[in-house]
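Dear colleague,

Please find the structure below.

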Amino acid sequence: MSVPRLINLKSVALTLSILLVAAHGWAQSYPAKPVRYLIPMSPGSGADTIGRIVAVGMAPALGQQVVIDNRTGAAGNIGAELAAKSPPDGYTVFQASMTHAVNVTLYHNLAYDLVRDFAAVTLIATSPSMVVVHPSLPVKSLGELVRLAKARPGALNYASTGAGTATFLAAEMFKSAAGVNLLHVPYRGGGEALIAVVTGEVSVYLGPMATVLPQVQHGKLRGLAVTTLQRLPALDYPTVAESGYPGYEAGNWYGLVAPAKTPREAIVTLRNAVVASMKSPAVAKRMEDLGYVAIGNPPEAFAAYIKSEIDKLAKILKQVGAKTD
């Protein structure tokens with residue numbers, strides 16, 4: 001009886017040794033080819049902007065190209081589903097955002113699970129938003145916008161990057177706080193939403209600072225307020241909170257995840273590459289100029305953050321009565 005058992009133990013030990021050597025070899029060779037960086041929003045959006053900035057700095061750290069792949073639509077759900085079903089080999093990463101934490105509550109038949117189907121890599125950054133209007137709108141302050149909206153209920157419209165996205169939630173929170181009725185006009189991504197407000201197709205947009213501020217600076221949009229709790233030192237704009245809506249705060253966050261069961265070694269390597277990218281002087285300055293706040297926390301911390309955001313945003317969505325269109 002003891003001899004077969006001894007043989008089995010030796011076989012197990014040999015198998016474990018082979019697996020450990022293979023894992024060590026895999027870790028040393030990773031990455032051996034370009035990494036696909038999935039962004040679920042359109043080119044020109046806030047998500048696309050931060051993704052491209054960080055990806056440029058990741059490439060030298062990884063020793064491989066980082067290829068941007070924009071997969072838009074359904075408030076980021078199309079890209080998320082594609083990422084969730086991708087091979088967990090470390091060669092596909094996905095840029096999740098607050099939008100996806102919102103979607104957990106807002107959509108009841110998602111083809112992916114934000115917690116179960118992904119392995120957290122790191123929270124890249126947070127991003128404030130700005131309330132902007134087309135210059136043809138006869139308002140120069142948030143108070144004037146509210147008064148106009150109340151005088152013309154349902155006549156003013158606002159752009160979003162789709163139901164469930166950060167731009168949608170920011171506007172719905174503002175509507176609830178101010179007691180105004182603005183018509184929701186969803187677009188496939190941030191690029192399309194920005195074009196819509198710049199051309200006057202829509203009147204109002206609570207968009208990411210990174211994309212709307214350049215348009216404000218060039219006179220194509222009029223900035224009214226920022227969505228941070230405190231004023232931003234580099235910008236002379238009031239906050240929504242100080243404009244009569246205490247406690248109002250909105251914005252977005254962007255983080256990197258990979259398909260569930262992606263090897264731990266790949267997760268650590270990818271997170272280190274993101275941190276190295278954000279420490280690059282050129283990348284750091286670019287992010288600061290566009291209002292991004294760099295984070296780069298460990299995978300475990302980001303995983304906990306995602307869960308906390310899902311719970312927090314579910315309560316906010318209930319409060320404002322937000323629904324998909």
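The largest cavity has a lining to which α2 (46-62), β3 (92-97), α4 (98-106), α6, β7 (204-208) and β9 each contribute at least two residues. Helices (H or I, at least four residues) and strands (E, at least two) are DSSP runs, numbered from the N terminus. This is a predicted model, in which local features need pLDDT of at least 70 and side-chain atom pairs count only at pLDDT 80 or more, while totals for chains, interfaces and linings use all residues. Residues are numbered from 1 along each chain as its sequence is written, and side-chain values use heavy atoms, with hydrogens and water left out.

On a 1 Å grid over the protein atoms alone, a cavity is a set of points where a 1.4 Å probe fits but cannot get out; a pocket is an open set with protein on both sides within 12 Å along at least five of seven lines; and lining residues have an atom within 4 Å of a point. Grid points are joined across faces, edges and corners, and a volume is the space filled by probe spheres set on the points.

The count is one cavity of 30 Å³ or more. The largest cavity holds about 180 Å³ of space. Its lining comprises 19 residues, with Ala47, Thr161, Thr167, Asn252 and Tyr254 closest to the centre. By class, seven of the lining residues are nonpolar, twelve polar and none charged (Ala, Val, Leu, Ile, Met, Phe, Trp, Tyr, Cys and Pro count as nonpolar, Asp, Glu, Lys and Arg as charged, and the others, Gly among them, as polar).

Turning to the aromatic residues, the structure holds seven aromatic pairs (ring centres of Phe, Tyr or Trp, the latter by its six-membered ring, within 6.5 Å; planes under 30 degrees apart are stacked, over 60 edge-to-face, the rest tilted). The ring centres of Tyr30 and Tyr91 are 5.3 Å apart with planes at 65°, so this pair is edge-to-face. Tyr30 and Tyr91 are 61 residues apart, and their pair links distant parts of the chain. Both Tyr30 and Tyr91 are buried (under 20% relative accessible area with a 1.4 Å probe, protein chains only; exposed is over 50%, partly exposed in between).

Yours sincerely
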